[in-house]
Amino acid sequence: MNNTRNESISFIGPGDVNVPSILHDMILSDRIISVIIPYMALRSLCIHGHFYQPPREDPFTGAIPKETGASPFDNWNERIHAECYRPNAELHNFERISFNIGPTLHEWMLSHDPQTCASIVAQDQANVRRYGVGNAMAQAYNHTILPLASRADKVTQVYWGIAEFQHRFGRRPQGMWLPETAVDLETLHVLAEMGIEFTILAPWQVDSDSVDPTEPYHVALPKGRSITVFIYHQELSTGISFNPTLTSNADIFVENEILARFMTDKERIGEPQFLIIASDGELYGHHQRFRDHFLSHLVNGASSSRGIDLMYPAQWLQKNPARQTICIQENTSWSCHHGVMRWMGQCDCTPGDGRWKVFLRQSLNRLASELDLLYSDVAWPMGVDPWKLRNRYINTFFGLTTVEKLVDELAGHALTTEEVQRLSLLLRAQYERERMFTSCGWYFEDFSRIEPKNNLAYAAQAVSLAKKATGIDLSKQTSNDLKNVLSPRSGQRGDTVFLRFLHRAEEKSS
Ligand SMILES: [Zn+2]
């Protein structure tokens with residue numbers, strides 16, 4: 001059955017299970033029907049792509065060093081862009097899936113290929129015009145594991161993610177993708193406080209053995225608030241991500257994998273169902289070749305020819321708000337089955353001795369607290385709320401305001417040039433301090449990789465900037481803490497790496 005809107009139906013076979021129950025009755029009464037039926041989707045499907053890359057830029061020059069593994073391209077960003085982001089934009093796949101693009105990736109993409117960025121934004125806007133809601137979701141800014149962050153950091157990450165989205169997409173986001181889908185109640189509460197209506201979680205992140213993945217749920221939050229969570233379909237999401245044989249033919253994928261996942265008891269009573277398949281967006285063309293074309297056919301013909309409608313979370317909520325309440329499993333994520341241990345300590349997700357992760361997390365937590373003290377001790381006496389200022393600071397990156405204007409607004413009076421300069425340095429230190437919690441630093445098995453080292457480069461820049469602003473040197477304590485960060489593979493130590501970066505940071509600022 002072709003499920004085109006307002007289609008004229010002259011014959012419907014009784015075997016067509018997607019026919020609304022009222023039409024079944026008409027068929028059973030042996031009458032030939034020829035009616036315009038109002039559009040009524042019983043089976044809806046959403047593909048969600050999480051598009052993100054670890055920041056690969058040299059923290060001091062902003063340029064990505066040559067990466068030989070990415071040949072014939074200069075670096076992995078360029079290669080993944082050519083294999084995935086650009087072809088998917090050209091195929092208009094972004095118009096027909098739900099997606100989020102990490103703000104730091106979006107920034108790089110804008111410098112590399114603004115035309116593709118413009119096309120992606122236009123594809124979201126086409127949905128806004130068509131349905132009144134878009135299909136792009138925001139993302140917490142630095143890909144920080146939010147359950148491991150302080151409340152103030154959660155607020156900043158969500159605020160920055162919303163501001164970035166608004167700037168790039170020209171509208172407020174309704175949904176936000178949580179980095180690694182890592183969740184706790186405080187994070188959801190922060191999202192709800194800032195007007196975010198929904199997020200997407202894995203089935204094991206909610207407190208139920210028999211969660212129905214074909215509809216969203218409310219999660220109750222303090223102060224009478226709530227937020228909607230969509231639960232992605234586990235088998236379909238795992239299959240599409242990790243089993244290339246499943247994704248060689250979209251028609252067969254729909255026939256063999258998707259159709260069977262809709263629940264027959266709901267179909268019998270004519271209840272609409274909504275399946276979400278979530279994966280990394282890079283799957284489509286980079287992790288697996290030709291899957292950009294697989295995706296294109298999946299969302300342009302393979303699904304609709306079998307009576308399945310394409311849908312996005314915001315569009316689904318227009319007619320089908322959550323009906324039931326569910327509790328979440330706090331401190332859980334989609335890529336660690338030990339809660340959020342992967343980003344703070346030893347677990348089986350990465351092989352070998354993972355103790356370096358514990359010490360790296362502890363060292364950076366202590367450094368963050370000390371940087372916050374220095375910053376707030378300068379800001380408060382000037383009559384400036386440091387945390388409001390930090391949140392709004394992101395808008396200076398988009399050219400929407402200046403530090404001078406922000407501090408004047410918050411202080412309620414003009415500050416001296418020297419005061420503004422001190423705050424500027426400390427704000428930049430706070431920006432680096434936010435970056436040093438980028439989750440990729442803990443994701444892999446070894447400290448001797450670019451991702452954890454980049455986090456230490458951000459830490460070194462924060463220490464250098466704070467010293468320039470206040471004269472207080474946090475480097476001794478930090479390098480002492482980082483002595484315990486040891487690469488089991490290369491023997492490289494955290495303090496050595498940190499001090500080398502600190503030297504570069506001080507050279508740069510002198
Ligand atoms: Zn794990």
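The pLDDT is the predictor's confidence in each residue, from 0 to 100. This is a predicted model, in which local features need pLDDT of at least 70 and side-chain atom pairs count only at pLDDT 80 or more, while totals for chains, interfaces and linings use all residues. Residues are numbered from 1 along each chain as its sequence is written, and side-chain values use heavy atoms, with hydrogens and water left out.

The protein has an average pLDDT of 91, and 92% of the residues score at least 70. Over residues 1-40, however, pLDDT stays under 50, and the model has 51 contacts (heavy atoms within 4.5 Å) beyond four places in sequence for this stretch. Where pLDDT is low, the predicted coordinates should not be read in detail.

The largest pocket holds about 1000 Å³ of space. Its lining comprises 37 residues, and Glu180, Asp280, His287, Ser335 and Tyr443 are those nearest the centre. By class, the lining divides into 16 nonpolar, 13 polar and eight charged residues. Helix H7 (234-242) is among the elements that each supply at least two lining residues; H7 gives the most, with five.

Ser439 is found in the loop between helix H15 (417-435) and helix H16 (440-443). Not counting residues up to four places away in sequence, Ser439 touches Asn142, His143, Ile145, Glu180 and Trp343. Glu180 also belongs to the lining of the largest pocket.

Terms used:
Helices (H or I, at least four residues) and strands (E, at least two) are DSSP runs, numbered from the N terminus. On a 1 Å grid over the protein atoms alone, a cavity is a set of points where a 1.4 Å probe fits but cannot get out, and a pocket is an open set with protein on both sides within 12 Å along at least five of seven lines; lining residues have an atom within 4 Å of a point. Grid points are joined across faces, edges and corners, and a volume is the space filled by probe spheres set on the points. Ala, Val, Leu, Ile, Met, Phe, Trp, Tyr, Cys and Pro count as nonpolar, Asp, Glu, Lys and Arg as charged, and the others, Gly among them, as polar.
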